[in-house]
Amino acid sequence: MDLNRPAFPLQSQNNAAAPRNRKALAATALAAALLLSACGGGAAPQGAEQAAAADPASGANASGAVNICGVKDASGIYKGTAEAFTKANGKVTAKYTEIGATTDEARTQIVQRLEGKSTECDLFITDVIWTSEFASQGWLLDQTKLVEANKDRLIPSTVETTKYQDKYWGSPFFTNAGLIYYQKDKVAKPESWQQLYAEAAKAPGNGYVYQGKQYEGLTVNFLEMLYSAGGEVLDDQGDVKIDSKETRDVLNFMSDGLKNGSADRAVLTYNEDPARLAYESGDFGYQRNWPHVYRLLNATPLASSFAVAPLPAWEGGKASGVLGGWNLAISAHSTNQAGAVAFIDYATSPEWQKHVAMDYSQAPVNEAAYSDAAVLQKMPFATELLASVKGAKPRPISPVYPQISQAIYKNVYAVLSGTASTEDAVQKMAEEITTAKASF
Amino acid sequence: MSTLIAERPTAELATRPKAPKRRLRGESKLHPLVWVFVVAVMAFSLIPFYWLVNTSLKKGASLSQGELFPSQPTLENYLVVFQNPEFLLALRNSVIIAVVTTTVALVFASFAAYALARLKMRRKAMILTLILSVTTFPAIAIAAPMFSIWRDIGLYDTLLGLIIPKLTFALPLAIYTLTSFFKEIPRELEESAYMDGATPFVAFRKVILPLAVPGLATTAILVFISVWNEFLLAVTLTTSPESRPVPVAIAFFSGTSEFDQPLGTISAASVIITVPLVILVLVCQKRIVSGMTAGAVKG
Amino acid sequence: MATKTLQPGRAAPAKTSGRDRAERRLAFRMTAPSLVIMALVAAVPIGYAIWLSLNQYSVRTAGLSRFVGLENYINALASQEWWAAFGQTFLFAGLSVSLELVLGTAMALLLNLAFKGRAVLRTVVLLPYAIITVVSAITWQTMFQPNMGLVTNVLSTLGLPGGDVVWLGEHGYAMAVIVMADVWKTTPFAALIILAGLQVISAETYEAAELDGASKWQTFVNITLPLLRPAIVLAAIFRTMDALRVFDLPFVLTRGANGTESMSMLAYTQLRENRLVGEGSALSILTFLTVMVVSVIYVRFAGGNIRDVAKEEQ
């Protein structure tokens, strides 16, 4: 049997790291060898090999079945796209398989399949933050040629989320950017973070809700402010730049906001859904959330009183944001790469991208879709959304992104909850990110 | 405490291991304080459950109102659940998996428990430790290798592929519980069976098992529920609705986006799936108190 | 009293060695199916996890790995995170298991009483145990949600303290919610096992005590509790094992914030989120060893008839 390995063993063991105790080594090696042979060890090395590349032309002659795997299809977009593609293509049949109920779980299940060299899935729906990690492990097909061929119809910032070491490892499917929802009868349109926080503190019903639980969403909320304040986590060379005045300013600003009532302390327990539910109670003025909330808010008594705005700028800086969204990555073990290419061509086509917005309320990766009359009808805030998407920046690009993000959200949380001083948290954050980057 | 009136098995039941009729002694003599405690226990158990039911009757904006009573109760969530063909499939899968696993686990575990509790055997301490270590091992560390092995031997995404590992993790609980109960049964009964020329296995079947019915029923409930609720192996070893059990199917209920927890439908489904378990408990709870004559025979 | 007879030692009369051998063979045959199933399913993945824990696998370069011996273990044991999680997990387990045993015993005594509606009470009491853990976590989360949760609403309506506390966002309070949620869900487990233990206590035992003029409380302390010990220890073993591996509750409710990160969560983060497979496997195995040590201590020292079985040298 072929046990799935996190990386292939033995062949590439680093001898420099051999321990001194030879007896122990010999005994352990023997046990290990027995175990490995029992498990049918000895998979061929693959890491150093040149990753295979997807051929953009292959899609035209594709046939057979394509299995797309990813997170639970909450909005129906994945199944819907697969069905529409199958109907339009005629030769290739696409099917969507849900393999995880949450983003975390989907990632686990995808990794499990990739490590185990499973051929079950041809395409994976990948979160924009997984690109570096998956690409560095050699799990994905190089899509550089395909992306180059489609580049003119894709928003550049969304394309960048599929890039790792100068190559593209996926094609953007739909994107995502934070928005501010506000009660226009109670509070002013957000122009800057400072103005938003001041306005929010004015009256008890004006408060600001965001995602402040200790998880990935807090990293996003923090980075949105940090980016607009001109700060960064890693610079273009990949050096750690988090230990900065901007980081301190933003942390102090956020923590002051919790103390002076701009933001309710309850945000420390909120991820996306509780934040939305709290906002729907009508007790708050501003909410930071994703575009999907628009449709939900419209079904509440707040429907007539809320408005949407892009994320504001830092005072004296410019508006920025953090890019979310999902990409289409072809598995290195796919048995129908041509079919996968055909699916990507269809899913990213300007025509289908309009449906992405109209039928599923997701943010298209094709710029023209945002000014389409039919789209604007269904998604009146498309202009604000496009502004947010174009202004948004990616999260730090690194194969150890999960560790970097933990270093951010745990330390930001410590400041917000009052268990660490800004100074200590910034230093710890920088240290932990440096350690993460030095991972083996 | 002085008010607690223990229900006592009467001596005449000793000769009838399965005692269908019992006199409820002291039925009318419960102290009011006991009733207070009854109410407290009920409240403690039911309040969160009430909140779950309450949530299952709400939809849309009223989910965020936190009302103690839904102002516009709706059964829509229940309809959504029942109209979901995948949920019904999952219900079928869960019933098959839980019933088969519980039955097989009880048979195997009662054998093993009898040997451990009653028979001469070497290295009992080691066997007990090994058995325990199987359940103690963190499932997250073995889920990934299991996925690969299962795929290679063709058990991946099958009901059998779920029953086998769930059985493995149910056995230790069943073996420990049954060993403990078998130990309680007085040896005198077996000895007299031996006098009559019975073999140990016959003694097990004819004497121990009937007396151990409360232990068996308790174990059955515990194993059934733990198998029914297990999530990690279920989500790791299945991929299609044809083999997915209920906990996974519930997790896959759709909201409107990946950030949206469909609270209403999840709650409704959770309420629905307690029904089979309630039936199980109602069926088993009589057994829990029926075979309890073990102590009486010692005299 | 009856204590002796209820925990039979090895009072078995002398038998011939032929019968001994037959008995051993039967014992072997009866345990074999269970042991074989467990070995087949669990041995390979467990062995594999042990192997992983002795290596490091690169998260930066595909296919790169190195053998590091016990380094992953040494690093884990030297880290503050491990000991913080260790302490928090034991705090959680200590609080929740002791509450569960006390409440479980009380519930079992209640369920053993004869009164009309007992079947209903038995069913009601078992309901929480039947709820899927993740759903129960979500239910407790919404109950304690500020402004819109059941508990916070009721507390602030009644003007009681706690209504304006962000329960899951504060040290101490967060642990309290997690303990409550666990006690709610798993007390029925303990109660059921203890109830079954109550069933084997004979009426004569009580009648003898009554004749001796013992009060109900004395009877409970001197007779019921000692006789219940095997059942209580059994419940304690399994509850402690589960509590020390707690994952779902803190994962859903706090993500480990506010002093609620457990050993299993730490292992999960390294193994699944960070894909530091060697380090994560070492943490899993450390968690496993911790739980095993505690379980063995229970079996050996807490008494009960599992210990009697373990001590039999035949």
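**Notebook: chains A, B and C**

I started at A:Pro402, which sits in helix α16 (residues 401–416) of chain A. Helices here are DSSP runs of H or I with at least four residues, strands are E runs of at least two, and both are numbered from the N terminus. The model is predicted, so local features need pLDDT of at least 70 and side-chain atom pairs count only at pLDDT 80 or more, while totals for chains, interfaces and linings use all residues. Residues are numbered from 1 along each chain as its sequence is written, and chains are lettered from A and ligands numbered from 1 in the order in which they are written.

**Entry 1: A:Pro402**

Is A:Pro402 buried or exposed? I find A:Pro402 buried, because it has 23 C-beta neighbours inside 10 Å. The cut-off for buried is 20 or more other C-beta atoms within 10 Å of the residue's own; 12 or fewer is exposed, and in between is partly exposed, with C-beta atoms placed from the backbone. Leaving out residues up to four places away in sequence, I see A:Pro402 touch C:Glu273 and C:Asn274. A contact means C-beta atoms, placed from the backbone, within 7 Å. I also checked A:Ser304, 98 residues from A:Pro402 along the chain: their C-alpha atoms are separated by 40 Å.

**Entry 2: chain A and its domains**

I count 17 helices and twelve strands in chain A. Chain A has 440 residues, and 56% of them count as buried. Its domain assignment gives domain 1 (56–176 + 325–393) and domain 2 (177–322 + 396–437). Such bounds come from an automatic or database domain assignment. Taken over C-alpha atoms, the centres of domain 1 and domain 2 of chain A are 27 Å apart. Their contact uses 18 residues of domain 1 and 21 residues of domain 2. On the domain 1 side, two or more residues each come from α4 (131–136), β6 (171–177), α15 (382–391) and β12 (392–393) of chain A. The largest share of that side is from α15(A), with six residues. I sorted that side of domain 1 into eight nonpolar, seven polar and three charged residues. Nonpolar covers Ala, Val, Leu, Ile, Met, Phe, Trp, Tyr, Cys and Pro; charged covers Asp, Glu, Lys and Arg; the others, Gly among them, are polar.

**Entry 3: chain B against chain C**

I find twelve helices and zero strands in chain B. Of its 299 residues, 57% count as buried. How many residues of chain C are in contact with chain B? I get 103 residues of chain C against 105 residues of chain B. Helix α2 (residues 17–53) of chain C gives the largest share of the chain C side, 18 residues. That side holds 69 nonpolar, 23 polar and eleven charged residues.

**Entry 4: the largest nonpolar core**

A nonpolar core is a set of buried Ala, Val, Leu, Ile, Met, Phe, Trp, Tyr and Cys residues joined through C-beta atoms within 7 Å. The largest one has 337 residues, and A:Phe343, C:Ile194 and C:Ala235 touch the most other members. Helix α8 (residues 173–199) of chain C supplies the largest share of this core, 18 residues. Domain 1 and domain 2 of chain A each give the core at least three residues. I listed contacts of C:Ile194 beyond four places in sequence; among them are C:Gly104, C:Leu228 and C:Ala235.

**Entry 5: confidence**

I noted ipTM 0.84 and pTM 0.86 for the model. Chain C averages a pLDDT of 85, and 94% of its residues score at least 70. pLDDT is the predictor's confidence in each residue, from 0 to 100. Over residues 1–15 of chain C, pLDDT stays under 50. Where pLDDT is low, predicted coordinates should not be read in detail.

Technical notes: Two residues are in contact if their C-beta atoms, placed from the backbone, lie within 7 Å.
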